[in-house]
Amino acid sequence: MQVNIKETASIRPSTPPFSENHVLPLSPLDIDRNMNVIFRYLRVYLNNAAATNSNHPFNVIASAISSALVHYYPLTGTIRRRQVDNRFEVFCSGDQGLPLINATVNCTLESLNYLDDPESDFVERLVPDPSPDEGLVNPCILQVTTFECGGFTLGAAIHHALCDGLGATQFFNVAAEVARGVDRISVQPVWDRTSLLSPRDPPQIEGAVREFLSLEKGSEPYGQAIGKVARVCFTVKEEWLDRLKSVLLEKSGLNFTTFEALGAFLWRAKVKASGIPSDEVVKFTYAMNIRRLVKPPLPAGYWGNGCAPMYAQLLAKELLEQPIWKTAEVIKKSKINATDEYVRSFIDFQEVHYADGITAGNRVSGFTDWRHLGHSTVDFGWGGPVTVFPLSTKLLGSVEPCFFLPCSSANAGKKDGFKVLVTLQETSVLAFKKEMEKFSNQEFEL
């Protein structure tokens, strides 16, 4: 399979959104060192017979992106560091554009099972992969790859300092609305990063934030290198999950969500497979959407980073030896910290200690649920994407992230349940797969 890159176009706003060069500030959540990463992901679209667009996908998306950039022009800017404190800011000038790659592939989506297997190395060629420096110069790079069947993929590489997944989806939804010919976009974007999420004066760092974060000047935010990593993807059937939650209820008397129950099982399986020493602290981290949590709530059009990391932590020995329901309970209890005060303390911590090497440690497992993020609404006229998945291996200070993903809607044989995509050390893959066989066989070792 050969990916042929035909051209790279520079897409500029269809009408100039400003008259003078200027600098836009970022919020403390945007400049969190964990956000100094390029997030890469892929959407897969069929050549739908009922499509409202008959034009070439590249032309349609290029035009739609150009119109959307009138409202989201910072995506064409350059991220640079301020001289005064080395923190990120966005420089915007009138001659900047967003790189959009036009590519083709000499096969059909059906022959690749609609790219429902994110483990395949082939998918890497469908998403831009800029270097860290290039990702600052061009914080948003897109690629449209058209297949022989007429279907296509939209790959995105976006610097996390500009927005989170919800913010990026908001941008793509606006572009998709334009492509479908709407008269007026449904959400007006709001940039106001610094006043809406500014640190308090004076800063007040309270409670749980100090329990989970430490300071190691000169350290990397993503901890020590762990060697080569690999992606592992497997399907979670509803019957297996129902059985797990039923047994946990029987043992503990507590009802657990899918995220809590399956997250506890996966966390233990990853730590066991990795052979982490029993006396080391291991952490489970996830992003909490703060848009309605903070007081006052963020405006509907706010598209900056609107999530704060939440943590649960245990000694590796505790995690491996205690019943899974106790681990699920630790994850459940961590949600108690989801308050406006926690968010404000996290922001103040970033403000005070930005230069001091904020870290959550080396044994961090990141978890996120993509099943209900609204990806299916991004419809450029061919219907929503049938498959969506991330390619990034860095998330919330973790180099071993885990994503809960919907199965491809084009694959009728895999609609029972959902997928879990796990990144872990390549040397741990076989041991991890053995642990996951216990899940499918319903041998929960409770």
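Strand 7 and strand 8 (residues 152-159) run antiparallel and are joined by seven bridges; two strands count as paired if DSSP finds at least two bridges between them. Helices (H or I, at least four residues) and strands (E, at least two) are DSSP runs, numbered from the N terminus. Five residues separate the two strands of this hairpin, and Gly150 in its turn has a positive phi of about 95°.

Strand 7 also has strand 6 (residues 98-105) as a parallel partner, over five bridges. Here Thr104 has Thr146 as its bridge partner. Together with helix 3 (residues 132-137), strands 6 and 7 build a right-handed β-α-β unit: with the strands pointing away from the viewer, the path from the first strand over the helix to the second runs clockwise.

How many residues of strand 7 are buried? Seven of the seven (residues 140-146) are, so the strand is largely enclosed by the rest of the structure; buried means under 20% relative accessible area (1.4 Å probe, protein chains only). Cys140, Leu142, Val144 and Thr146 cover one side, and Ile141, Gln143 and Thr145 the other.

Elsewhere, three strands form an open antiparallel sheet in the order 2-5-4. Strand 2 (22-25) and strand 4 (78-81) each have a single partner strand, so one side of each lacks a neighbour in the sheet. Four bridges link strand 4 to strand 5 (residues 88-92), with Arg81 opposite Phe88.

Residues are numbered from 1 along each chain as its sequence is written. Local features in this predicted model need pLDDT of at least 70, side-chain atom pairs count only at pLDDT 80 or more, and totals for chains, interfaces and linings use all residues, while side-chain values use heavy atoms, leaving out hydrogens and water.

Key:
Buried < 20%, exposed > 50% of the residue type's maximum accessible area, 1.4 Å probe, protein only.
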